Amino acid sequence: MALHLSWEQLRATWDELGAKDPLWAVVTWDDKRRGKWEPQDFFQTGERDVERYHDLLRRFAGCPAEFDDILDFGCGVGRLAMAWSRRARQVTGVDLSPGMIAKGLEFAKNTPNVQLRLNEARDLRCFEDGRFDLVFSHICMQHIPWGLTVGYLREFARICRSGGWVVFQLPSRPLRKLTWLAPIRKKIVDRLPFGLDRVYRNWKYGCPVLFEMYFVPSKAVIESAMQAGLTELHREPDRSAGESVESFIYIFRKP
């Protein structure tokens, strides 16, 4: 099981990732490290992901061909917000990384119906109740400890308008047995002096900081969504978190 990052560590990690290699930090393909993503190819992955989500929403949730106002939570550089912009009147993306937002604003400068905003708070109080008809997140919440994520889930329900949809992906469990050595190794590396922890991680993983993955059983996700006032419409297996991870796409509706 992943060790839990504090809120401050979470912010610091994504600050650094957003500043040093923002595209790879969003879609972590091994051959795209160190700035090797071509923007056109990168954004095409977002189009494929959004096309899949829109198809699921139409088939299982009765959603329209075009939305009114979408929130993309954990938008990064706008990979998915840009794809949603062709299916909505307005798309708003939020992220806690200044570097991600800065890069995303460059990409979205000629897309007037996309707005990207920095939000470093543990909630979404920057948005009024019932603003969005679709609240969406993909391969973002898996890197946030569940104690924080469940708070965001309540916020999703609050800012979703009546009759709107809340849709996201979360891993439920690893499919490979985790070794007991992993947390011990992490503790040892974290305590290395003189910045050697960063040197080690850069050598081992090609990145000096580590972003954790958190697993939440489906039962806990559904119960928390129901407590927030949402109704489950559909749940579908997903492999976006990796082939060795059991993960699901969840579709909820706000009555």
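Begin by selecting Asp 55, which is partly exposed at a relative accessible area of 30%, where partly exposed covers the range between buried, under 20% relative accessible area, and exposed, over 50%, with a 1.4 Å probe and protein chains only. The model on screen is predicted, so that local features need a pLDDT of at least 70 and side-chain atom pairs count only at pLDDT 80 or more, whereas totals for chains, interfaces and linings use all residues. Residues are numbered from 1 along each chain as its sequence is written, and side-chain values use heavy atoms, with hydrogens and water left out.

Next, select Arg 52 and Asp 238, whose side chains meet in a salt bridge at 2.6 Å, N to O. Arg 52 lies in helix H3 and Asp 238 in strand S6 (residues 231-238), so this pair ties together parts that are 186 residues apart in sequence. Arg 52 is partly exposed, at 31% relative accessibility, whereas Asp 238 is buried, with a relative accessible area of 2%.

Move on to Arg 239, whose side chain meets that of Glu 243 in a salt bridge at 3.7 Å, N to O; Arg 239 is partly exposed at 40% relative accessibility, while Glu 243 is exposed at 62%. Glu 47, Arg 86 and Arg 87 can then be selected together, as they are linked in a network of salt bridges. The structure holds 17 salt bridges.

Now turn to Trp 84, which, leaving aside residues up to four places away in sequence, touches Val 50, Tyr 53, His 54, Leu 57, Phe 67, Ile 70, Val 91, Leu 134 and Phe 136, contact meaning heavy atoms within 4.5 Å.

Finally, colour the protein chain by pLDDT, the predictor's confidence in each residue, from 0 to 100: the average is 86, and 84% of the residues score at least 70. Over residues 194-200 the pLDDT is below 50, and beyond near neighbours in sequence this stretch has nine contacts in the model.

Definitions and conventions:
Salt bridge = Lys/Arg side-chain N within 4 Å of Asp/Glu carboxyl O. Helix = DSSP H or I, 4+ residues; strand = E, 2+ residues; numbered from the N terminus.
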